[in-house]
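Please work through the following exercises on a ligand site and on salt bridges, using the sequence and structure shown here.

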Amino acid sequence: MPFIVKKRINGNDYYYLRQSIREEGKVVSKYLAYLGKNRGEAEKKAKEIMNNIETNQKIVAGNVPKTEEPTEATKISVDDMAMFCKRKGFVYASGEIYGGLAGFWDFGPLGAELKNNLKREWWKYHVYSREDVVGIDGSIITHPMVWKASGHVDSFSDVFVVCKECKKPSKIDRAEIGKVKCINCQGEYDFANAKDFMLMFKTTVGLDTLAYLRPETAQLIFADFKSVSENSRAKLPFGIAQIGKAFRNEIAPRDFIFRNREFEQMEIEYFVKPGEDCPYEIPNEEILVFSAEAQEKAEEPVKMKFKEALEKGIIKKKWHAYWLSNEFLFFKNLGANTDNFRIRQHAKTELAHYSSDCWDLEYNFPFGWKELEGIADRSNYDLKQHEKFSKKDLTVFDEETKERFLPEVICEPSLGVERAFLVFMFDAYHDDKKRNNIVLKLHPKLSPVKAAIFPIIKKPEFEEIATKVLSILNQEWNVLYDKSGSIGRRYARNDEAGTPYCITIDGDSLKNNDVTIRDRDTTQQIRVKVSDVKDVLRKLINREIEFEKAGRKL
Ligand code: GAP
């Protein structure tokens, strides 16, 4: 019989429907559905689901009623994704044993691997595979003048209002004062007591020096620009990349790991000589384009090639079209669903103080189209400010014209690690009704565990080959050894964790010194010699070979 469970996460109550079932001789509790945050509504929803189960379905123990075959990622709410991430060990609320702290998250064993893989792939794509980008790793706390020069001390704040009815605090734009209703309950805001709220976290260095936790990684790149350009002997155009933590004291962190107070950014400042042309080809890719003009006229976004948007003058600069398409390709190459992406231009009133043009790469999250990555033209605003405040010359010398000039940042692709993490999780999440379990179809390069190794039975001769395979593979990848439960349970566990390949050692392995490799997405199997397993796995992870051709098909 299903039953309702209440969970307290970050001070909020969440209700779930669970069911006790017997599995391999043990009684276990299985997740059925998320019921919302309100007890009354949760009971109503639970009743509906249970009626549905009783009248319409012959429910198979522990499974939600069968619906149509999923052909693409199963759409789930952000709360369901949070629940799944917690259950599988991807993400937990930080300090959860004390009730959690809003806007702070810990990444569990699978989440830490996925996050590291994501950052590694970003670095390979943006730094290693290009001759014109170098990387740095700046400090989190830096000289406070960096933030004065950048404009953050004076203008990095939100307007904070409290609803007179539900008493919930909200962040609003300055232009919205007196005009908007509470986003939570549509009540009246107390505009008379609206407050400016500084988003930077303050701290003290030594006894009493005021400092800030960095709210973006970008400023460290500007502050180090002179040294990096001299050390790397980089010639314009070139970029400086950085991955690292950023902190913002958001008034209302929300939507799981979408808006946090502590997060990570992957940013590039791409410097050019003013007026310098973009020498790169624009990939022949298509995307939904939502210009500032279309938004103003309340028109729909239009699907077109990046090239076409440039030719029609919708995207003004070739550099911008190039970086937008390049960033879109990063997601496409790693298996994200391109239908969930669009680019949206900022309206003039939306532009940050440093930006002359900005496009966001947006993703269609379950809670709407939202910014995934900002791609701004920052001109020479930041270098100019740092010259002014530091009184240091940050210009570069042009060998041809024998002149000194200040480079411009023609594009700043700035991506949050946690938002990219969510995108790949949503696009990978498949509720496979045939298999009766979740299949997380992550690109193998992103998968937390690359292969799971199973001796089919717990006997020394099987385990000997299995541990040999383990020791060959774990020199290069995160792989795991799993000998508990039926093979079906082991497959299901690993499908849910996104493990792309399961390697089984069976009776034939003892005779032929080979193994079976099973593909997570198709459940097809091939036979491969133990001596070839590492090479085959490498080709499969890099998608250099089709699964069926990687071994003897079974
Ligand atoms: N240096 C430019 C900059 O920081 P931004 O639009 O404020 O620009 C860039 O942030 C990206 O950082 C966003 O597109 C988003 O992916 C991520 N980001 C920003 N604030 C965030 C938050 N509170 N939580 C999670 N990610 C955030």
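Two exercises with worked solutions follow. The model is predicted: local features need pLDDT of at least 70, side-chain atom pairs count only at pLDDT 80 or more, and totals for chains, interfaces and linings use all residues. Residues are numbered from 1 along each chain as its sequence is written, and side-chain values use heavy atoms, without hydrogens and water.

**Exercise 1.** Determine which polar contacts the ligand makes (pairs of N or O atoms within 3.5 Å).

*Solution.* Step 1: begin with the ligand nitrogen atoms. One lies 2.9 Å from a side-chain N or O atom of Glu250, and a polar side-chain atom of Arg378 is 3.5 Å from a ligand nitrogen.
Step 1: turn to oxygen. A backbone N or O atom of Gly416 is 2.8 Å from a ligand oxygen.
Step 2: Of the 550 Å² of accessible area (Shrake-Rupley method, 1.4 Å probe) that the ligand has on its own, the protein covers 91%.

**Exercise 2.** Describe the salt bridge between Arg87 and Glu496 (a side-chain nitrogen of Lys or Arg within 4 Å of a carboxyl oxygen of Asp or Glu).

*Solution.* Step 1: take the distance. The N to O separation is 3.2 Å.
Step 1: locate the partners. Arg87 belongs to helix H2 (residues 78–88) and Glu496 to helix H14 (residues 487–497), so the pair ties together parts 409 residues apart in sequence; helices are DSSP runs (H or I, at least four residues), numbered from the N terminus.
Step 2: Glu496 is buried at 12%, whereas Arg87 is partly exposed at 43%.

Methods. Polar contact = N/O pair within 3.5 Å; in protein donor to acceptor, adjacent residues only side chain to side chain. Helix = DSSP H or I, 4+ residues; strand = E, 2+ residues; numbered from the N terminus. Buried < 20%, exposed > 50% of the residue type's maximum accessible area, 1.4 Å probe, protein only.
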